[in-house]
Amino acid sequence: MNRRGSRRGRDVAVLLDDFGHRLPAQPTVDIAPRERGPFAQLVSRRGPRGRGRGRAAATAPLSVWRMTSEQTPVVWPLIASSGLPPTGAQMGIDLLSGGAFYCDPIGWVTDDDIPVTNPNVVVFGKPGRGKSATVKAFALRMLAYGYRTLVLGDTKDEYEPLCRALGVEPFVIGHGLSARVNPLAFGPLGHGWEQLDAAEARRREAIMFARWLVLIRGLVGSQNVPFGPVEETAVGEALRLLTGYRSGATRLTEPTIPQLWQALDEPTDDLVASCRYADRRHFLDATRTLRDALGSLVKGSLAGLFDDHTSIEVDWRAPIQSLSLSRLEPLGDQAVGIALTCLNSWGQAMREIADPGDLRIVIRDETWRQMRLGAEAMKSLDANLRLSRRDADVQILLAHKPSDMLTAGDASSQAVAIARDLLHLCDVKVLHGQDQAVADELATMLGLTPIAQRVVTGWAIAGKGRALWLVGDRAFKVQTVLTAPELALTDTNEALTDGRPA
């Protein structure tokens with residue numbers, strides 16, 4: 001044996017060959033010569049050294065194109081947009097375009113490219129589909145744009161948590177409580193009356209007395225009592241005598257409903273003469289039903305609530321104000337409807353002279369209760385909606401379904417005709433989820449196509465906050481998105497979840 005390490009021994013192939021086993025030969029592979037690197041030497045990121053040989057980082061050159069909005073869809077045809085400007089409250093996602101959806105009713109009215117002529121909004125939806133949460137989120141987010149909110153009649157105390165979160169204590173109206181609201185209040189029109197010239201006094205007088213007549217017509221009509229020219233003349237003359245306007249007083253006296261009833265029930269000689277009656281008995285016989293209707297309001301279930309001077313001081317600079325009517329629920333729908341009518345007149349009085357730029361969101365919940373009082377009560381609501389452009393108010397009406405408005409009377413009645421017209425006074429309609437049985441109503445009253453009906457009765461009913469937004473003649477499939485704090489403030493299921501947000 002050779003000394004260790006003197007030479008190498010035989011490998012495995014040789015040993016196997018001694019015993020008659022040959023391994024297959026390994027084919028030779030031609031190895032290509034290694035290519036030389038593209039860079040002869042490494043260079044720093046600043047480039048090679050030397051005069052004029054360095055380099056500096058720069059962005060890639062871009063091609064700039066300018067075109068109009070009409071030409072853009074031709075170059076990029078697969079990019080969809082919502083068709084509305086990104087102004088106002090960002091409500092959620094428009095699933096038809098994939099972009100954000102913004103709500104700005106006043107901005108839509110002032111934009112000639114959007115088919116909206118009034119800022120009124122009507123919200124329909126089955127209970128529990130998120131219509132109240134959508135309205136509350138809209139009011140919250142519009143605070144950043146200078147809007148304030150007025151809730152005229154919170155029938156279920158849904159807005160109390162929102163008020164307290166904003167540092168405002170809501171007013172509560174009910175028997176045994178101190179809050180009083182006078183629907184015959186002067187409002188800002190009565191300020192500085194003694195310094196007005198004759199023309200301005202006549203203008204303000206016409207506005208105030210017209211508002212009062214609409215209110216009294218609605219209150220009397222809610223009891224199925226006709227209110228014609230005879231009744232209008234008697235009420236108008238009585239109000240002019242009570243305020244002192246007929247006698248030319250420099251400081252007017254604010255009337256109340258009990259004072260009006262007493263003036264008609266115990267007429268003076270001046271009132272009988274101004275109404276052109278032969279004597280006092282003739283006046284009493286002609287106004288008997290009118291006096292009985294007003295007397296039932298003064299002595300009925302709402303006695304002590306709307307028959308005295310206003311006892312609350314409303315801070316109109318606060319972000320939100322709310323008047324709760326939940327304590328009137330045991331009195332029935334008619335009593336709540338009459339209370340809503342009184343609050344509407346009072347709220348309109350407070351807005352008749354608004355400061356420039358004082359934008360307000362007026363929320364009217366359970367409007368169907370006021371509509372069921374009849375045609376005269378609906379005329380009061382109709383007047384509020386028609387004045388929204390003048391007052392720069394966003395009027396928001398909430399109801400369960402479109403047919404709620406048709407319960408005001410018979411199919412051929414004047415009340416139903418007014419109810420149908422109210423829908424045309426709301427150019428923005430928000431349709432939350434509805435049952436399939438409501439599909440025909442959507443087609444008949446709102447003119448929805450079958451595809452739009454399926455969105456409301458199918459997609460929208462399957463989740464909260466889903467709604468079909470109709471802005472003029474444009475449709476948007478919107479999912480409202482709420483933040484965690486908004487979820488806590490907009491929850492309406494506290495009674496079902498022991499106070500825990502659902």
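Which residue stands opposite Val430 in E9? That residue is Val123. The model discussed here is predicted. Its strands E1 to E11 form an open sheet with mixed pairing, and its largest nonpolar core has 64 residues.

**The sheet**

- Eleven strands make up the open sheet, in the order E2-E1-E11-E10-E9-E3-E8-E7-E4-E6-E5.
- The edges are taken by strand E2 (99-103) and strand E5 (171-172). Each has a single partner strand, so one side of each is left without a neighbour in the sheet.
- Strand E1 (residues 89-94) runs antiparallel to E2, and five bridges join the two. Within this pairing, Phe101 in E2 is the bridge partner of Gly92.
- In general, the strands of a sheet pair through backbone hydrogen bonds, in either a parallel or an antiparallel sense.

- Strand E9 covers residues 428-432, and five of its five residues are buried, so the strand is largely enclosed by the rest of the structure.
- Both faces of E9 are covered. Val428, Val430 and His432 are buried on one side, while Lys429 and Leu431 are buried on the other.
- Strand E3 (residues 121-124) pairs with E9 in the parallel sense, over four bridges.
- Strand E10 (residues 466-471) is joined to E9 by five bridges, and these two strands run antiparallel. Here Val428 has Val471 of E10 as its bridge partner.

**The nonpolar core**

- In the largest nonpolar core, of 64 residues, those with the most contacts inside it are Ile173, Val235, Leu264, Phe283, Leu294, Leu323 and Trp346.
- Strand E4 (147-154) is among the elements that give two or more residues to this core, as are helix H6 (198-221), helix H7 (229-243) and helix H12 (333-350).
- H12 supplies the largest share of this core, ten residues.
- In soluble globular proteins, nonpolar side chains tend to be buried together.

**Cysteines**

- The structure contains zero disulfides.
- Cys275 has a relative accessibility of 6% and therefore counts as buried, the cut-off being under 20%.
- Cys426 is also buried, with a relative accessible area of 2%.

- Leu16 belongs to helix H1 (residues 12-18). With a relative accessible area of 31%, Leu16 is partly exposed.

Methods:
Residues are numbered from 1 along each chain as its sequence is written. This is a predicted model: local features need pLDDT of at least 70, side-chain atom pairs count only at pLDDT 80 or more; totals for chains, interfaces and linings use all residues. Side-chain values use heavy atoms; hydrogens and water are left out. A disulfide is a pair of cysteine sulfur atoms within 2.5 Å. Buried means under 20% relative accessible area, exposed over 50%, partly exposed in between (1.4 Å probe, protein chains only). Two strands pair if DSSP finds at least two bridges between them. A nonpolar core is a set of buried Ala, Val, Leu, Ile, Met, Phe, Trp, Tyr and Cys residues joined through side-chain atoms within 4.5 Å.
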